Structures are given as C-alpha cells and as structure tokens.
Amino acid sequence: MALLEILCFPDPRLRKKATAINTITAKTRQLAEDMIETMYDAPGIGLAANQVNVQQRMVVIDISEDKSAPMVFINPEIIEKQGEREYEEGCLSVPEAHEMAMRADTVKVKALDLDGEPFEIEAEALLATCIQHEIDHL
Ligand code: K1U
Ligand code: ZN
C-alpha cells in the first residue's frame with residue numbers, strides 16, 4: 001500500500017477530465033487500495049482519482065466513524081436525484097476551506113465494483129452529498 005499525493009487547487013491537473021475504466025486489472029485494484037489508505041490518512045470521507053493525479057473514473061468513500069465501510073465506485077453515474085439539502089462541504093484539494101453547497105438529498109448511483117460487476121445504490125444525506133462531490137471531481 002502507498003500513500004498518494006493529493007493535488008491542491010489551483011493545480012491545473014485537477015481540471016483534467018477523467019476517462020472511463022474499460023478493463024479492471026490488478027493495477028486498478030491497487031489504485032483503489034492506495035486511494036482508500038490516502039483518504040483515511042488525510043483524513044477524509046471521500047477521494048476521487050483526479051485528486052491523486054489519475055484521470056480515471058474512480059471514487060472511494062467511507063462515511064463510517066471507524067473506517068469500517070470503504071466503498072469503491074468505478075465509472076459512477078447518478079441515474080436519479082430527489083429533493084434538496086444544504087451541507088457544509090470540505091475538500092481535501094482545498095485544505096481548510098468549508099463551503100455550504102446545495103445538492104440533491106437522495107441519489108441513485110450506478111457503478112462497477114472491483115470485479116467489474118455493475119451495482120446500484122440509493123444514498124441519502126451525507127453519503128449522497130459525498131457521492132455528488134466526488135463525481136464532480138471526475
Ligand atoms: O473529495 C474530497 O475532497 C474529500 C472530502 C469529501 C466531502 C466532505 C464533506 C462533504 C462532501 C464531501 C472530505 O473528505 S473533506 C474532510 C471531511 O469531510 C472529514 C474529515 C475528517 C472526518 C470527517 C470528515
Ligand atoms: Zn473534494
């Protein structure tokens with residue numbers, strides 16, 4: 001496992017668009033592990049691959065208090081949104097800045113897991129906010 005460097009604004013590499021992951025390899029799984037480790041170390045509750053200078057559509061999230069529920073989303077897409085909620089958001093790429101942001105309160109997301117299997121989840125509140133924040137990084 002390795003800790004990755006988190007890029008900070010205004011680093012222009014953060015503006016590069018991520019591309020879809022077509023084949024999941026050992027390298028993809030290693031990237032997910034390293035991103036989870038980097039997110040825990042920061043500490044944060046989410047991390048997008050762009051933030052560690054990898055322009056691939058991958059996001060990791062863990063909103064648990066004890067780092068017990070890491071989630072990996074490959075090629076995530078929001079397919080449904082409902083309601084609105086305002087949350088104070090942080091960003092590991094903008095250290096010490098917190099901003100109120102209005103987001104959908106509930107989202108349905110489809111993605112691939114690390115075996116390349118498609119899955120869908122419905123998320124609300126903080127998890128929904130975090131998913132939307134991370135996808136905005138890609
Ligand atoms: O994408 C990122 O920059 C990570 C970011 C995710 C996020 C936080 C809050 C709302 C929406 C998205 C963070 O993790 S900032 C750090 C943070 O929120 C946190 C850090 C330690 C404990 C609990 C939360
Ligand atoms: Zn962020």
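## Where ligand 1 touches the protein

Let's start at the ligand: one of the oxygen atoms of ligand 1 sits 2.7 Å from a polar backbone atom of Leu92. Polar contacts here are pairs of N or O atoms within 3.5 Å; within protein, one must be able to donate a hydrogen and the other to accept it, and residues adjacent in sequence count only if both atoms are side-chain atoms. Ile45 also uses its backbone, with an N or O atom 2.7 Å from a ligand 1 oxygen. On its own, ligand 1 would expose 540 Å², and the protein buries 76% of that (accessible areas by the Shrake-Rupley method with a 1.4 Å probe; for residues, only the protein chains shown count as cover).

## About the model

This is a predicted model, in which local features need pLDDT of at least 70 and side-chain atom pairs count only at pLDDT 80 or more, while totals for chains, interfaces and linings use all residues. Residues are numbered from 1 along each chain as its sequence is written, chains are lettered from A and ligands numbered from 1 in the order written, and side-chain values use heavy atoms, with hydrogens and water left out.

## The shell around ligand 1

So who else is there? Ligand 1 is surrounded by 13 residues, the closest being Ile45, Gly46, Gln51, Leu92 and Glu134 (near means a heavy atom within 4 Å). By type, the shell holds four nonpolar, seven polar and two charged residues (Ala, Val, Leu, Ile, Met, Phe, Trp, Tyr, Cys and Pro count as nonpolar, Asp, Glu, Lys and Arg as charged, and the others, Gly among them, as polar).

Helix α2 (125-137) and strand β4 (85-90) each supply at least two shell residues, and α2 gives the most, with four. Helices (H or I, at least four residues) and strands (E, at least two) are DSSP runs, numbered from the N terminus.

## The zinc ion

Ligand 2 is a zinc ion, and its protein donors are Cys91 (SG), His133 (NE2) and His137 (NE2), at 2.1 to 2.3 Å. Donors are N, O and S atoms within 2.8 Å of the metal (3.2 Å for Na, K and Ca); water is not among the atoms, so sites may look incomplete. Along the sequence, the donor spacing reads C-x41-H-x3-H. Both His133 and His137 belong to helix α2, four residues apart, or about one turn of the helix.

Phe9 and Pro10 are joined by a cis peptide bond, with omega about 10 degrees; Pro10 is in the segment before α1 (26-41). Another cis bond runs from Ala42 to Pro43, with omega near -5 degrees.
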